[in-house]
Amino acid sequence: MIQKALAQDVASTINITYNDLTLNLLLGNLSLYQVSIKPIDAGQSKSTLEINQLSLKGFSYFELLKTGNIKIDALLLDNVTGEYFKNNTKEKESSKSKKATFDKLISIADFSLKNTNFTSFNAENDSVLLAVEHLDLSLKNLEFDAISIQSKMPFSYDAYYINSGKINASIGDFETIKIDSLYSSEKLFVVGFSLKSKYDKQTLQSKISKERDYIYLHIPTIEISGFDIGAHKDSSLVKAESVLMQNLYLDMYRNKLMPDDLEQKLLFDRKVRNLAIKIHIPNIEIKNGEVNYSELVKENTKAGEIIFTEVNSTIENVSNLNENPIIFKNTAKLMGDAPISLDWTFYTEANDNLFKASGIVKNFNASEINSFMSSNLRATSSGTIQELYFTISGDAYASTGDIKMKYEDFKFQVLNKDRSGVNKILTAVGNIFTNDGSNADENGYRYGTIETERDDTKSFFNYVWKNVSDGLVSTLTGNGEKEK
């Protein structure tokens, strides 16, 4: 009877075979061994699911007779191996005509996957989309019905346990995510997380038609407290109480010789608002990170580089469930030496992309960033910025602010177009209008103003840099007096 039921119910869509079966009708227990599941659809002929043991315990006949729903005490899938070949075109077509034919509630008090190895492939070129090794997963009070099955979050649960080996996931044509292991206890731990370009810096340039960053992000350990996934209205929801990332390392490189990417860049708050899913994380913390950013602007020269070490950051209210501001607080050592802090706040209650930012730099030797200035600004500088303070406020289009500096013997040199030497004429003219820091107020400060417009094809960090550079020019070449 069991064999006939399986054959009749699934024969039109999948083919199920197994080597052995045990059944206890009194207790409502069923076990299948060496189960093989393959889709009938020719387009999915290479997809397979092999299960060494499938055990169902505590099937409730009373619930089935009374309500027509299915209630199970425990369901175990042990030693599972699966391969799935994803055909995007066919799945989009089938999803349009997909209708819910299932109208019952299925509840499983204890659902378990043990030693699962799963790989998803792109059917067009057999490239790996997702690979998971040695996954153990338990869900308590798992439930799904006709409504949930059609939603972005097809099931609900009360608690979970997870333990996994390596996880590889492709996130497009150019980047991939890798995780060494994943496990939960009181928190969810992600070990050996990396997000990196699929190609090295040089090879990437032959694969792209416009500017795109080479990226390598590595985080040895991520601790997530209160992690949960669920449903929120017609969307899925990912939430956590807090996230801690320790010893983060980020290396980014951009070849500015490639054509500009003229796509509009949204500010961070708008990106969060526009996510396809709902997200709510009140606190994200980064401890002892390092960030390297370099740009190549001329052939046969070395890319200019800026380095931030001892990066410590907090991000508050990364959420699209409320309208509280998203707040960033960051401290670091610029070029491994000068203390720097940078804070910014995005106000999400309005549609105007309002933000404010402020920063402090102390005891900075200007020559430390000459490799970056030489490559990107065709200039070098010397002297010490003892203190620099700036505040900015604005929106996605324009901003204003003020800046004050205390510095000594600040000078700069303008390079020739080929960066092979100093353009003495432009350097001399420029330094005539540049105050070396001696003409300051009684506290040693000179003041400037900030007023700039945003290029919305550039990032938020480019926007901040434009504001700061505008303020530097105002401070160095203006009268240096504080506006009243």
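Let's start at leucine 25, which sits in the loop between strand 2 (20-24) and strand 3 (29-39). Before going on, a word on the model: it is predicted, so to speak of local features we need pLDDT of at least 70, and side-chain atom pairs count only at pLDDT 80 or more, while totals for chains, interfaces and linings use all residues. Residues are numbered from 1 along each chain as its sequence is written, and side-chain values use heavy atoms, with hydrogens and water left out.

Back to leucine 25. Is it buried or exposed? With 51% relative accessibility, leucine 25 counts as exposed; the cut-offs are under 20% relative accessible area for buried, over 50% for exposed, and partly exposed in between, using a 1.4 Å probe and protein chains only. Leu25 belongs to a nonpolar surface patch with Leu23, Tyr61 and Leu65, and together they have about 440 Å² of accessible area. A patch takes residues with over 30% relative accessible area and no salt bridge, joining like charges within 9 Å and nonpolar side chains (Val, Leu, Ile, Met, Phe, Trp, Tyr) within 5 Å. The areas come from the Shrake-Rupley method with a 1.4 Å probe, and for residues only the protein chains shown count as cover.

Now the whole protein. There are nine helices and 25 strands, and of the 484 residues, 39% count as buried. The protein exposes about 27000 Å², with carbon and sulfur atoms supplying 53% of it. Take contacts, meaning heavy atoms within 4.5 Å: among those between residues at least 6 apart in sequence, 59% join residues at least 24 apart.

Serine 120 has a relative accessible area of 8%, so it is buried. Which residues does serine 120 touch, leaving aside its neighbours within four places in sequence? They are Tyr84, Ser127, Val128, Leu129 and Leu130.

On to charges. A salt bridge is a side-chain nitrogen of Lys or Arg within 4 Å of a carboxyl oxygen of Asp or Glu, and the whole structure has 14 of them. In one of these, aspartate 180 pairs with lysine 166, with the closest N and O atoms 3.7 Å apart. Aspartate 180 is in the loop between strand 10 (175-179) and strand 11 (181-184), and lysine 166 is in the loop between strand 8 (159-164) and strand 9 (167-170), 14 residues apart. Both ends are partly exposed: aspartate 180 at 41% and lysine 166 at 45%.

Compare aspartate 213 and arginine 254, whose closest N and O atoms are 2.7 Å apart. That pair links the loop between helix 5 (201-207) and strand 13 (214-225) to strand 17 (residues 249-255), 41 residues apart. Aspartate 213 is buried at 16%, whereas arginine 254 is partly exposed at 22%.

Next, aromatics. Rings of Phe, Tyr and Trp (its six-membered ring) pair if their centres lie within 6.5 Å; planes under 30 degrees apart are stacked, over 60 edge-to-face, and the rest tilted. That rule gives 18 aromatic pairs. One of them joins phenylalanine 268 and phenylalanine 346, a tilted pair at 6.2 Å centre to centre and 35° between the planes. Phenylalanine 268 lies in helix 6 (residues 268-273) and phenylalanine 346 in strand 21 (residues 338-347), so the pair ties together parts that are 78 residues apart in sequence. Phenylalanine 268 is partly exposed at 30%, while phenylalanine 346 is buried at 1%. Both belong to one aromatic cluster, along with Phe328, Trp344, Phe355, Phe460, Phe461 and Tyr463.

That leads us to helix 9 (residues 460-477), where Phe460 and Tyr463 are among the buried residues. Its 18 residues should span 26 Å at 1.5 Å a residue, and its end C-alpha atoms are 26 Å apart, which agrees; the expected span is 1.5 Å times one less than the number of residues.

Last, backbone angles. Most residues other than glycine have a negative phi. Histidine 134, in strand 7 (residues 128-144), has a positive phi near 50°. Methionine 335, in the loop between strand 20 (326-334) and strand 21, also has a positive phi, of about 55°.

Note on methods: Helices (H or I, at least four residues) and strands (E, at least two) are DSSP runs, numbered from the N terminus.
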